[in-house]
Amino acid sequence: MAFEPPRRLVRALGETAPEGDDWLERLPELAREAVERRELTVERVQLPGGRSSLVVLVRTADGTPSVLKLAPPRARPESERVALAHWGGRGAVQLLEPVSEGAEGVLLLERLHPDVSVRTLPEAKALLEAAGTLRRLWVDPPEDFVFETVAERTGRQAKAMRAGADAAPEVAPLVDAALSAREELLESPPERRLLHGTFRQSKVLSGDRMPWLAVGPDPVVGEHAFDLARLVRDRVEDLIAQPSGATTTRRRVRRLAESLEVDRERLRGWTLFRAVESGVRARRVGRERDAELLLEFASWL
């Protein structure tokens, strides 16, 4: 079988690939090697797929439906592997290979229902189910692996945001507000937990073992509010289209904070930072429509 990377993956990695990165060119051969090593039977490549990895639906030698995931080093697949092993299937997809046996950048995972995420539910129900799933992931990090921290990750992002504000002065006030919020939030984080890192409704899939399970983490260690912040802006295009979008957004912040016992102002601050960061990044790579939506959303906070 030809393992051609989906167009969505090619486009997304093309926006962020460092010079000289040939992972996409090597991907077909990497996939063939991973399949042969594990004696897997390939069903199909999942389309449209993700923005940072190739996902292949496979069966193991004993016929068990599984997923083979291949990701480039810059997607931090080893952090994902360790986090999934630490969660042990509680709230997240199950890792089917011991950490010590996995090849670099390759994960063999439990098969969920890839076309059924909580986004298929009505909005209120989707938020409730997603939040309940996220709560299960908030545990103490393992002691034998060093994950990136929220301070480290947002520090890198802050540098790019400043550069974006210099290039586009009209976004400077929002960038300044987001960076100020970050500085205040990092002064006294209330907890230090293992977080999903990129949690949203599309990252919660239907399963057989449990109704809903999280997939695709980019693990980071920090406070709960940082993890919850990305969920606040889910279905942002729908929020923007509503006459009461700003009011709905502030109500969502309050309800999510209350349901997961997170400080409302901390959640608002991290939501602001993450929305502005995403908006500036979208503008930098030419996704103007996405940038407009995200920056307007951020202005409501």
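A salt bridge is a side-chain nitrogen of Lys or Arg within 4 Å of a carboxyl oxygen of Asp or Glu. The legends below describe close-up views of a predicted model.

**View 1. R233, a buried arginine without a salt bridge.** R233 is located in the loop between α7 and α8 (236–241). The nearest side chain of opposite charge belongs to E277 and is 6.4 Å away. Because a salt bridge requires the two atoms to be within 4 Å, R233 has none, although it is buried. A polar atom of the R233 side chain does lie 3.4 Å from the backbone oxygen of R274. Apart from its neighbours within four places in sequence, R233 is in contact with R252, R274, A275, S278, L294 and F297.

**View 2. A229 in helix α7.** Helix α7 comprises residues 224–232 and includes A229. A229 is buried, its relative accessible area being 1%. When neighbours within four places in sequence are set aside, the residues in contact with A229 are L267, W270, T271 and R274. The C-alpha atom of A257, a residue 28 places from A229 along the chain, is separated from that of A229 by 9.7 Å.

**View 3. Helix α4 and its buried side.** An α-helix has 3.6 residues a turn, so residues three or four places apart point the same way. The exposed residues A124 and L128 are carried on the face of α4 turned away from the buried side. Packing against the buried residues of α4 are α3 (77–87), β6 (193–195), β7 (204–206), β8 (212–214), α7 and α9 (245–259).

**View 4. Helix α3, largely enclosed by the rest of the structure.** Eight of the eleven residues of α3 are buried, and the helix is therefore largely enclosed. The buried residues are P77, S79, E80, R81, V82, A83, L84 and W87. They pack against β3 (65–70), β4 (106–110), α4 and β6. Just after α3, G88 adopts a positive phi of about 60 degrees.

Key. Residues numbered from 1 in each chain as written. Predicted model: local features only at pLDDT ≥ 70, side-chain atom pairs only at ≥ 80, totals over all residues. Heavy atoms only, no water. Helix = DSSP H or I, 4+ residues; strand = E, 2+ residues; numbered from the N terminus. Buried < 20%, exposed > 50% of the residue type's maximum accessible area, 1.4 Å probe, protein only. Contact = heavy atoms within 4.5 Å. Lys, Arg positive; Asp, Glu negative; His and termini not counted. Polar contact = N/O pair within 3.5 Å; in protein donor to acceptor, adjacent residues only side chain to side chain.
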